[in-house]
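Here's a walk through a fold, from a pair of helix contacts to the sheet. Have the model open and follow along.

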Amino acid sequence: MRLPDKSGYFGHFGGKFIPETLSFCLKELEESYLKAGKDKGFKRELRSYLKEYAGRPTPLYFAKNLSKLLGIKVYFKREDLLHTGAHKINNSLGQAILARFMGKKRLIAETGAGQHGVSVATVASLFGFRCDIYMGQEDIERQKMNVLRMKVLGARIRPVGSGSKTLKDACNEAMRDWVTNVKDTYYLLGSTVGPHPYPLLVRDFQSIIGRETKKQIVVREKRLPDYLVACVGGGSNSLGLFHPFFHDKKVKFIGVEAAGLGLGNLHAASLLKGKVGVLHGAKSFVLQDRFGQIKNAHSVAAGLDYPGVGPEHAFYKQTKRARYVAVNDKGAIEGFRLLSEVEGIIPALEPSHAIYYLRTLAKTSRGSCVVVCLSGRGDKDLEIIQKYHR
Ligand SMILES: *Cc1c(COP(=O)(O)O)cnc(C)c1O
């Protein structure tokens, strides 16, 4: 079984819920991606940039101190060591090289917290694309450092003042731009979301995480792990780790969503609290009120602040291939402190949710072997941490 199917469905989820004007853009993208997948030059170029520019393969690190403390064997897949400090560069490099392969001259993207925008601005600079990043005016105010990074890298910021002035509005503007300028423009989506073929394409480019992990863990342990644990925003670092183990039924997947402040309202936990609906062109679980209005997501980790989740996760949930849990802001801060103090690794707040969950897992699964995706480093989050007193 190869998922998604030809129409972009993972079981009941995914597809293309789009205005007619976008169907040409998506069709061209899909056909080019299939062609690139068979092209030796494309693959060679991607492999070379992942190695020489991004710093792959990343280590699989056995966390001895944390393992001893918790009574389980914990390994971290060190995506935090990549250039730009997170897994997002895997996808941005893949899609930028695809855009070149398609003969495009300009990259556009939308960004909320700015991390995806920075990663797109990076590859635009590297390959000489013109680059426009759509960002809500609210977010521009809140994310000054990332705005500055994008500007330094030569990207142009396009402020979006409509609607709630955040990610969803930026997304609409980027789509509009794409339809108008598709001849020379490539729309670079940042996670396993959006209409087909994006969830497929992003998952494939991130699957290098799981493929490397599989080889590395077998060398170390002579067997596969019992659990894979990763945080879930749109779902790309988690699917990157999980997907290559899909057919290894003994390996259990745990996706950790953000519960925000908690208080009974799981603020960014689309899989646990969302209902089936359509967001950004795909059918999946979506946070919405009883009238179907999309709710705003909230988490201390900006990268998990998204009211939807990739359709492949919706499928894993429905078929019980993966289990989903939620950790709140306070737990994430504790996870952040734990790894910093015990292993000398400062994690981003997004994977800190997954780190905190290890405490719970350790109680029921003593002695088991766990691989956690350390999706990014925490330098960007120090200011937020400072606000939390002990
Ligand atoms: C963006 C981001 C995430 C969340 O995105 P996914 O697509 O769910 O992986 C997680 N961790 C870090 C460090 C991020 O920058």
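This is a predicted model: local features need pLDDT of at least 70, side-chain atom pairs count only at pLDDT 80 or more; totals for chains, interfaces and linings use all residues.

Residues are numbered from 1 along each chain as its sequence is written, and side-chain values use heavy atoms, with hydrogens and water left out.

Helices here are DSSP runs of H or I with at least four residues, strands are E runs of at least two, and both are numbered from the N terminus. The axes of α2 (residues 40-54) and α4 come within 10 Å and cross at roughly 140°. Axes are lines fitted to C-alpha atoms, for helices over the stretch in contact, and angles run from 0 to 180 degrees between N-to-C directions. The two helices are therefore oblique to each other (under 35 degrees is roughly parallel, over 145 roughly antiparallel, 65 to 115 roughly perpendicular, and the rest oblique).

α4 (residues 88-101) also packs against α5 (residues 115-127), at about 45° and with the axes 9 Å apart. That makes this pair oblique as well. Here too, α4 passes α5 in a right-handed crossing. Look for Ile89, Leu93 and Ile97, which are among the α4 residues that meet α5; contact means heavy atoms within 4.5 Å.

On to the sheet. Six strands form an open sheet in the order β3-β4-β14-β9-β10-β13, with mixed pairing; two strands pair if DSSP finds at least two bridges between them. At the edges stand β3 (60-62) and β13 (322-327), each with a single partner strand, so one side of each has no neighbour in the sheet. From one strand to the next, the twist averages 25°. Helix α14 (residues 329-343) packs on the sheet, touching β3, β4, β13 and β14, and its direction makes about 95° with that of β13.

Inside the sheet, β9 (residues 227-231) is largely enclosed by the rest of the structure, because five of its five residues are buried (under 20% relative accessible area with a 1.4 Å probe, protein chains only; exposed is over 50%, partly exposed in between). Tyr227, Val229 and Cys231 lie on one side, Leu228 and Ala230 on the other. β9 runs parallel to β10, joined by five bridges, with Tyr227 partnered to Lys252.

Conventions
A crossing is left-handed if the near helix is turned anticlockwise from the far one by less than a right angle, and right-handed if clockwise.
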